[in-house]
Amino acid sequence: MKLILIGFMGSGKTTVSQLLGQQLNEQVLDLDREIERQSHQTIPQIFAQSGEQGFRQLEHDVLKQSMDFEGILATGGGTPLREDNLQLLRHAGVPVILLAASPEETHRRLQQQNNRPLGNKLDVDGIRQLQHERQPFYDRCADLRIVTDHLTPTEIAQQIVKYLQK
Ligand code: S3P
């Protein structure tokens, strides 16, 4: 692994990881896409069939398998919530970058897609509350936090590249 991106739903992990992959000439592994590939189901289908608990177990299994991956890993918004996942992320020995966005901006971004069983039902206050609950987990593994509200994906990627060069 070269780099791990964490952060709430809609914080830009997938987009930024793709850009970074191109710029740094690294492979990218998106944990949600890998879960879908291995389970032959979409994330909404997994939640509908196995519930959040079933999804979290799959997420853990795929994360564990992915720790040897040589490249950039984009996690899911809930990945750092499990203690065993958090330990895997912390001990990967690579920079862990937290992407953050305000509840208002997150809400705007989540409304543009309909593929997040936990995110699509939330209003701005619900997002604020869930972000608040998750913050301690994110903080425990992040080496750098970037607030993305007023940044383009290219600018975010530039900040990360600069950080890596330090
Ligand atoms: C989740 C975030 C999603 C996906 C699943 C659960 C969460 O990933 O793993 O829907 O609990 O925050 P993204 O952060 O890529 O949307």
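1. How many bridges join strand E1 to E4? There are 4 bridges between E1 (residues 3–7) and E4, and the two strands run parallel. Helices (H or I, at least four residues) and strands (E, at least two) are DSSP runs, numbered from the N terminus.

2. A word on the basis. This is a predicted model, in which local features need pLDDT of at least 70, side-chain atom pairs count only at pLDDT 80 or more, and totals for chains, interfaces and linings use all residues. Residues are numbered from 1 along each chain as its sequence is written, and side-chain values use heavy atoms, with hydrogens and water left out.

3. The sheet. It is open and has 5 strands, in the order E2-E3-E1-E4-E5, with parallel pairing. Two strands pair if DSSP finds at least two bridges between them. E2 (27–30) and E5 are the edge strands, each pairing on one side only. On average, neighbouring strands are turned by 20° against each other, direction ignored. Helix H2 (residues 31–39) packs on this sheet. H2 touches E2 and strand E3 (71–74), and the direction of H2 makes about 70° with that of E2. Contact here means heavy atoms within 4.5 Å. Axes are lines fitted to C-alpha atoms, for helices over the stretch in contact, and angles run from 0 to 180 degrees between N-to-C directions.

4. Strand E4. Buried means under 20% relative accessible area, exposed over 50%, and partly exposed in between (1.4 Å probe, protein chains only). In a regular strand the side chains alternate between the two faces of the sheet. Val 96, Leu 98 and Ala 100 are buried on one side of E4, and Ile 97 and Leu 99 on the other.

5. Partners of E4. Ile 4 stands opposite Val 96. E4 is also joined to E5 (residues 144–147) by 4 bridges, again running parallel. There, Ala 100 is partnered by Val 147.

6. Asp 143. This residue sits in the loop between helix H6 (124–141) and E5. Its relative accessible area is 45%, so Asp 143 is partly exposed. Leaving out residues up to four places away in sequence, Asp 143 touches Val 94, Pro 95, Val 96 and Tyr 163. Its C-alpha atom is 11 Å from that of Ile 160, which lies 17 residues away along the chain.

7. Helices H1 and H7. Two packed helices are described by the angle between their axes and the distance between the axes. For H1 (residues 13–24) and H7 (residues 153–165) the angle is about 55° and the axes are 9 Å apart. The pair is therefore oblique. Angles under 35 degrees count as roughly parallel, over 145 as roughly antiparallel, 65 to 115 as roughly perpendicular and the rest as oblique. Residues in the contact include Leu 19 and Leu 20 of H1, with Ile 156 and Ile 160 of H7.

8. Two loop residues with positive phi. Most residues other than glycine have a negative phi. Asn 25, in the loop between H1 and E2, has phi near 55°. His 40, in the loop between H2 and helix H3 (43–66), has a positive phi of about 55°. Asn 25 counts as exposed because its relative accessibility is 70%. His 40 is exposed too, at 72%.
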